[in-house]
Amino acid sequence: MRETWQLVRRGLQLFTRRGRIILWLYGVSLVLLAALDAAALFLLARVFNLGSIGDSSQIVVNATASTLVLILLLFCLRSALSSVMTYIALRQGAREETLIGNRALATLINPRTELSADGLSDFYNSVDRGPKELVLVIFHAVTVPCEALTAVAIISALVVYQPLTAVIALLYFVVVAIIQQLVLSKRSSDIGEALVKHTDGVYRSLADIQGLRQILHSESVTSALQVTAEARSELTQARAMQTFVSTLPRYFLEVILAVGLLVVGGSTYLIAGAPDALAATSLFVAAGFRLLPIVNRIQALTLAVLAYAPTARLALRRYHTVAMPKYSSPTKTHNIVELRDVSFAYSTAIPETEPGSDVLRQISLELEQGKQYALVGPSGAGKTTLVDLLLGLLVPQSGSIRLRPTIRTAYVPQETFIASLPLRNNVALQWSDEHIQSDRVANALHRAGLQDFTTRIADDTSLDPTALSGGQKQRIGLARALYTDANLYIFDEVTSALDMETERRIYETIDALRGRATVVIVAHRLSTVQRADSVFYLDSGMIAGAGTFAELSDSLPAFRRQIELSQIDLSR
Ligand SMILES: Nc1ncnc2c1ncn2[C@@H]1O[C@H](COP(=O)(O)OP(=O)(O)OP(=O)(O)O)[C@@H](O)[C@H]1O
Ligand SMILES: [Mg+2]
């Protein structure tokens, strides 16, 4: 109970002002409805003269036309107000849900946000399911007390006529509610937890299967299908149980009414005798028809709140986002980037690396405007990490990074991400066509060696990453960088999947950037970086040597050995 209250309170802080106002109005309107209910019931009781204890052997109908019209009007007003308010509340709820999800997405999409291990399911939960259930829980949490108030209003109307019946009915409903709560609320909370757990399982295994599509290995496919099938079966069972538990109070409606009649009639009979018992039961039936659906709704809503709460909590999860530091300008005007004594360690532990141990140590380097640099070294040396630092995606634990304020970076990562968008949108990396310049897309594709693809620029079909070759994907990534007007280009292993001839042409394109922009090439194939102005050799997180290709091959035995292995003819 306290947890739910906290959830509602924290959730409300995420609501907009307008959202909170509408929620408040919604609550007020529910109270108003309760008053209308009581008034209608009061009039109805008068019309049928239900209160005339001692004379109830004959129920007198003392209706005037105006009273009947008033009752009718009250009921109409109630229905109209109820539907209008529900409509407004639902619309606003949807708006709040969208905004809460959008805010989560904006945080999650930040590369500096630290995600938990289940990244994909975190995305879905925080952006879609969490906000949906949170808004539901909040609206339900407002509805429940208001419905309870309606019940109280009806009981009060009863009190005016027959205090005894009212007290017995009230006691009876309280007992029914407590029993149902005891039996079902724990069950509902458990179902809520199960829904979160198994949805996570399904999302995760579906993501794995998607990655597995390319590996047509029958054994792994079978085992992946089995895991997903199990997770889905658990999830569908949990969903079915949730539906069952939520409808359970409805099934017992008639039973509750019948038992209630017996309880109210019986106890009044024992306390006040037969004539009063008849009056009491007739009043209870009249009130019960209004009261029971309310009791039923309160039960169903409470159970729903309990079942949704675990998922709703996902929307409130806080993500740790490292703020982008303010970089100062380089000390020398011709430099675009300066790193001084930079050390970096990942906070997450991975096999074979101690958590917190430095992946980069005491890195100092300067990148001049318009020059071409190469970053080489063994796999795992820290090249990609260094690039991420240059891009501001990672923040060093010590040392300083200085970036020119006008820096515009274009980065081609080691693995190209292909969005499910048409080619032109993939190159411009724009989700709408509005800002795409087709001639620039064509030019970028051409420079990236994808001239055959230029005919597809007008094509509206989305690219399927599984239907593209590794080299095609790399070149789309390259075209994406060339499309932008950057002054620092970083290429991380962009030609590893290309044939020699295509690779040579790509490097002609990259060479053409010389003078106009600073270029950093990360490469294992040393033949590709022979013409770089300066080569940094990174080994175990340190710069083991820097200089021109020739200088480095003379001074650094490890580099020389790499050259020999790649059979580069240095005499050329
Ligand atoms: N997100 C991460 N969390 C924890 N450790 C990481 C992370 N990314 C990389 N590492 C570790 O940091 C070290 C350097 O990795 P990095 O990707 O920078 O190497 P690299 O030089 O680019 O290698 P390659 O040539 O294979 O691409 C490795 O030991 C790697 O396991
Ligand atoms: Mg790398």
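User: How many bridges join β10 to strand β11?

Analyst: This is a predicted model. Strand β11 covers residues 542-547 and runs antiparallel to β10. One of the bridges pairs Asp 539 with Met 542 in β11. The number of bridges joining β10 to β11 is five.

User: Which residue in the turn of the β10 and β11 hairpin has a positive phi?

Analyst: The hairpin leaves two residues between β10 and β11. In that turn, a positive phi of about 45° belongs to Ser 540.

User: In which sense do β5 and β10 pair, parallel or antiparallel?

Analyst: Strand β5 spans residues 372-376 and is joined to β10 over four bridges. The sense of the β5 and β10 pairing is parallel.

User: How many residues of strand β10 are buried?

Analyst: Strand β10 consists of six residues, 534-539, and is mostly covered. The buried count is five.

User: Why do the buried residues of α11 lie on the same side of the helix?

Analyst: Helix α11 runs over residues 438-447, and its buried residues are Val 441, Ala 444, Leu 445 and Arg 447. They sit on the same side of α11 because the arc they cover around the axis is only 165°.

User: What covers the buried residues of α11?

Analyst: Val 441 and Leu 445 are among the buried residues in question. Their cover includes α10 (423-428), α12 (470-483) and α13 (500-511).

User: Which residue just after α11 takes a positive phi?

Analyst: Helix α11 comprises residues 438-447. Just after α11, a positive phi of about 75° is taken by Gly 449.

Terms used:
Residues are numbered from 1 along each chain as its sequence is written. Chains are lettered from A and ligands numbered from 1 in the order in which they are written. This is a predicted model: local features need pLDDT of at least 70, side-chain atom pairs count only at pLDDT 80 or more; totals for chains, interfaces and linings use all residues. A residue is buried if 20 or more other C-beta atoms lie within 10 Å of its own, exposed if 12 or fewer, and partly exposed in between; C-beta atoms are placed from the backbone. The arc is that of the directions from the helix axis to the C-beta atoms. Two residues are in contact if their C-beta atoms, placed from the backbone, lie within 7 Å. Two strands pair if DSSP finds at least two bridges between them.
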